[in-house]
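Please find my notes on the model below.

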Amino acid sequence: MAKIIDEISRTFNEYLIIPGLTTKKHTPDNIDLKTPLVKFKKGEEAAISLNIPFVSSIMQSVSDSGMAIALAKEGGLSFIFGSQSVESQAQMVRTVKKHKAGFVESRANLTPEHTLKDVLELKERTGFSTIGITDDGSAEGVFLGLVTGRDYRISKDAPGKKVKDFMTPFADLITAKVGLSLSEANDVIWQNKLNTLPIIGDDQRLHYFVFRKDYNSHKENPNELLDAQKRLRVGAGINTRDYKERVPALVDAGVDVLCIDSSDGFSEWQKDTIDFIKEYNSDVLIGAGNVVDHEGFLYLAEAGADFIKVGVGGGSICITRETKGIGRGQATALIEVAKARDEYFEKTGEYIPLCSDGAIVQDYHMTLALAMGADFLMMGRYFARFDESPTRKLLIGGNYVKEYWGEGSNRARNWQRYDMGGNSNLKFEEGVDSYVPYAGKLKDNLDQTIGKIRATMCSCGTISLNELQTNAKLTLVSSTSIIEGGAHDVIVKDTNN
């Protein structure tokens, strides 16, 4: 018969953190959230460390160049989704590496032949009110004009009115040439009382916008995650099929770290992929996974993984457990793999960071995952809610939502992520197509989330994530104590009235 593991497979929701002594030094501004991204030897430092313990999921609906830029500015890192052509993924990596603080690539563009209806739909879908008008409707096309809310009146202008009839044409705009500094661009904005300054090339092609409203935010980005050349860092997801073509292209584009994207990482396909990468270029950093026990961790550690992802079936849009019956409660998986990681470190002197992937429902689950041994967290649903994710914002049932779909859904058609070898393609779905409540800007939400983590760490009497892992005390909770932990036995006021 099969080997039966009697231990219950538990989730984050079944644990709470017991407070420790909070001393006068335990204040939020003293909390250090820096954490290693890739492996390092005892007494040394990791080649890359995150300034906050967050990375965004390798998903079409989460991680494109826009998300990567926004998250790197806050100290985290995005892994740009790999379920696209090699060329388009490499271009997204280049966009991030070429990004300059304050210079924003246009993410809302139309042609002069589009209509006011198209403008309104694009604004509704993306949340952007400044629209670049180019000859081909792309972000890099020949710049012909600009449309903002001041260029039309919904109550007066017909929906079919052509953009060319109400846009502000290029000849009437103040623009600047590529090459000027951000300080110089801001001087032009202030001297001419502009809200937007288009940055163009010699061929009149649109390169960037500089916005007046971003002036203050770009003055201070103390947590930016930068490489040695002061460029934003970015990661990219790969699969175990076309890595021989994809990896060289991504490395050439300047990617900082790669990650094999798979629902089940305990496989020879992952070892083959790591072997190729290390032989191709030993300096290339590669994460692997996902695994849920000590055996899976040791397999990938010995294969040469630079970090290892933990979690099977815990994502909000993942139905792997329902369709295949495999997986493990995220808390139990993380605790066991972290123990294996620590034993491996004691034995070899090599520390391999763990990435907890999935099962985060509440913000406090993040702190629990870090206390249980995760060095950083990979999240999809959390980041999918923000303006910076690449999906549409829609109004459904009176509420704004954003689209969010799994890589195992028919919409993504990313069968390589669920590769079992051979020539078969995806036979059944392991993810769903869904919506998540729209939450606004990444920075605003992230600041609040990080504030909660800092406050919890203060209550634990810990200053660093390493201290949290070492000193935090966790307790299991009963179903009734979970109820006790929320508002109960009262009539809660409706604050909306």
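The points below go from the basis of the values to salt bridges, rings and a helix.

1. Basis. The model is predicted: local features need pLDDT of at least 70, side-chain atom pairs count only at pLDDT 80 or more, and totals for chains, interfaces and linings use all residues. Residues are numbered from 1 along each chain as its sequence is written, and side-chain values use heavy atoms, with hydrogens and water left out.

2. Salt bridges. The term stands for a side-chain nitrogen of Lys or Arg within 4 Å of a carboxyl oxygen of Asp or Glu. The count under this rule is 24. One of them joins lysine 161 to aspartate 157, with 3.3 Å between the closest N and O atoms. For burial, the cut-offs are under 20% relative accessible area for buried, over 50% for exposed, and partly exposed in between (1.4 Å probe, protein chains only). Lysine 161 is partly exposed at 27%, whereas aspartate 157 is buried at 18%.

3. Arginine 231 and aspartate 227. These side chains form a salt bridge at 2.8 Å, N to O. Arginine 231 is partly exposed, with 31% relative accessibility; aspartate 227 is buried, with a relative accessible area of 8%.

4. Glutamate 403 and arginine 392. Their side chains also meet in a salt bridge, at 2.8 Å from N to O. The pair links distant parts of the chain, 11 residues apart: glutamate 403 belongs to strand S22 (residues 399-405), and arginine 392 to the loop between helix H12 (381-384) and strand S21 (393-396). Helices (H or I, at least four residues) and strands (E, at least two) are DSSP runs, numbered from the N terminus. Glutamate 403 is buried at 5% relative accessible area, while arginine 392 is partly exposed at 37%.

5. Aromatic pairs. Rings of Phe, Tyr and Trp (its six-membered ring) pair if their centres lie within 6.5 Å; planes under 30 degrees apart are stacked, over 60 edge-to-face, and the rest tilted. The whole structure has 18 such pairs. Phenylalanine 297 and tyrosine 344 are edge-to-face, 5.9 Å centre to centre with 85° between the planes. Because phenylalanine 297 lies in helix H8 (residues 294-303) and tyrosine 344 in helix H10 (residues 330-348), this pair ties together parts that are 47 residues apart in sequence. Both residues are buried.

6. A ring cluster. Phenylalanine 383 and phenylalanine 386 form an edge-to-face pair, 6.2 Å centre to centre, with the planes at 85°. Each of these two residues is buried. Ring pairs link Phe54, Tyr382, Phe383 and Phe386 into a cluster.

7. Charges over rings. The criterion is NZ of Lys or CZ of Arg within 6 Å of the ring centre and within 35 degrees of the ring normal. The charged end of arginine 212 sits over the ring of tryptophan 190, 3.9 Å from the centre. Lysine 393 lies over the face of tyrosine 400, 4.9 Å from the ring centre.

8. Helix H1. Why is H1 (residues 65-73) described as largely enclosed by the rest of the structure? The reason is that 9 of the 9 residues of H1 are buried, including Met67, Ile69, Leu71 and Lys73. At the start of H1, a side-chain oxygen of aspartate 64 reaches to within 3.2 Å of the backbone nitrogen of glycine 66. Glycine 75 follows H1 and has a positive phi, near 105°.

Notes. A polar contact is a pair of N or O atoms within 3.5 Å; within protein, one must be able to donate a hydrogen and the other to accept it, and residues adjacent in sequence count only if both atoms are side-chain atoms.
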